[in-house]
Amino acid sequence: METDLGFKAALAEAQKGSDEGGVPIGAALVSAEGNILGRGHNMRIQNSSATLHAEISALEKAGRLPAASYRGATMYTTLSPCDMCTGACVMYKVRRVVIGENQTFVGGEEYLKQKGIEVVVLQNEKCQELMKKFIKENPDDWNEDIGEEDK
């Protein structure tokens with residue numbers, strides 16, 4: 001799965017976010033036919049946004065689609081999705097969520113499974129490295145992104 005077009009796009013988006021000084025999380029929504037519908041990265045810092053996580057960015061860039069477009073789709077994300085992004089995947093009834101890594105953060109994986117969504121975790125080293133570097137250099141920004149108090 002790490003060679004999948006969707007995962008490669010998500011990882012490229014995470015790197016782009018890192019290069020921009022943002023939280024290095026990327027996502028790509030891929031149709032059942034294997035076409036990228038939308039891709040994006042966390043833009044909370046760059047856009048001073050409260051909600052522009054990578055998965056939300058990918059959905060936004062996919063644009064308004066008929067409900068059937070999501071039902072066979074896969075959301076590729078470089079980090080386990082938070083509750084907000086989990087909810088978006090559930091709401092749009094994506095079929096599968098492929099996660100780059102969940103060592104840094106575990107989001108709503110169990111809820112996705114409860115809703116019948118397949119969850120695949122890759123434990124990709126590049127995803128882990130990007131997150132470790134960002135958190136070490138920007139602990140306050142990371143805590144803000146996941147809704148935690150500064151420590």
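Q: In this predicted model, which residue just after helix 3 takes a positive phi, and of about how many degrees?
A: The model is a predicted one, and its values are computed from the predicted atoms. The residue that comes just after helix 3 is G63, and its phi is positive, at about 80 degrees.

Q: Which residues of helix 3 are buried, and which elements do they pack against?
A: Within helix 3, the buried residues are A54, E55, S57, A58, L59 and A62. The partners against which these buried residues pack include two helices, helix 4 (67-71) and helix 5. The strands they pack against are strand 1, strand 2 (36-41) and strand 3 (74-77).

Q: Which element gives the largest share of the largest nonpolar core?
A: The largest nonpolar core has 24 residues, and those with the most contacts inside it are I25, L29, M75, V97, L112 and W142. Two or more residues of this core come from each of strand 1 (26-30), helix 3 (54-62), helix 5 (83-91), strand 4 (96-99) and helix 7. The largest share, four residues, is given by helix 3.

Q: Is helix 1 roughly parallel or roughly antiparallel to helix 7?
A: Helix 1 (residues 5-19) packs with helix 7 (residues 125-137) at an angle of about 20 degrees, and their axes are 11 Å apart. Angles under 35 degrees count as roughly parallel, and therefore helix 1 is, relative to helix 7, roughly parallel.

Q: What is the handedness of the crossing of helix 1 and helix 7, and which residues make the contact?
A: The crossing of these two helices is left-handed. On the side of helix 1 the contact is made by F7, L11, A14, Q15 and S18, while helix 7 contributes K126, C127 and L130.

Q: How do the residues of the contact of helix 1 with helix 7 divide into nonpolar, polar and charged?
A: The contact draws on residues of both helices, among them A14 of helix 1 and L130 of helix 7. Taken together, the residues of this contact are five nonpolar, two polar and one charged.

Q: Where is A73, and how far apart in space are A73 and G34, C-alpha to C-alpha?
A: A73 has its place in the loop between helix 4 and strand 3, and it counts as buried because its relative accessibility is 0%. Beyond its neighbours within four places in sequence, A73 is in contact with L29, V30, S31, A32, V94, R95 and R96. Although A73 and G34 are 39 residues apart in sequence, their C-alpha distance in space is 8.4 Å.

Q: Is H53 buried or exposed, and which residues is it in contact with, leaving aside its neighbours within four places in sequence?
A: H53 is found in the loop between helix 2 and helix 3, and because its relative accessible area is 9%, H53 is buried. With those neighbours left aside, its contacts are H41, N42, R44, C82, M84, C85 and D145.

Q: What is the phi of S48, and is S48 buried or exposed?
A: S48 is found in the loop between helix 2 (44-47) and helix 3. Its phi is positive, at about 50 degrees, although S48 is not a glycine. Because its relative accessible area is 66%, S48 is exposed.

Q: Where does K93 lie, and what is its relative accessibility?
A: K93 has a positive phi of about 55 degrees although it is not a glycine, and it lies in the loop between helix 5 and strand 4. K93 counts as partly exposed because its relative accessibility is 45%.

Notes:
Residues are numbered from 1 along each chain as its sequence is written. This is a predicted model: local features need pLDDT of at least 70, side-chain atom pairs count only at pLDDT 80 or more; totals for chains, interfaces and linings use all residues. Side-chain values use heavy atoms; hydrogens and water are left out. Axes are lines fitted to C-alpha atoms, for helices over the stretch in contact, and angles run from 0 to 180 degrees between N-to-C directions. Angles under 35 degrees count as roughly parallel, over 145 as roughly antiparallel, 65 to 115 as roughly perpendicular and the rest as oblique. A crossing is left-handed if the near helix is turned anticlockwise from the far one by less than a right angle, and right-handed if clockwise. Contact means heavy atoms within 4.5 Å. Ala, Val, Leu, Ile, Met, Phe, Trp, Tyr, Cys and Pro count as nonpolar, Asp, Glu, Lys and Arg as charged, and the others, Gly among them, as polar. A nonpolar core is a set of buried Ala, Val, Leu, Ile, Met, Phe, Trp, Tyr and Cys residues joined through side-chain atoms within 4.5 Å. Buried means under 20% relative accessible area, exposed over 50%, partly exposed in between (1.4 Å probe, protein chains only).
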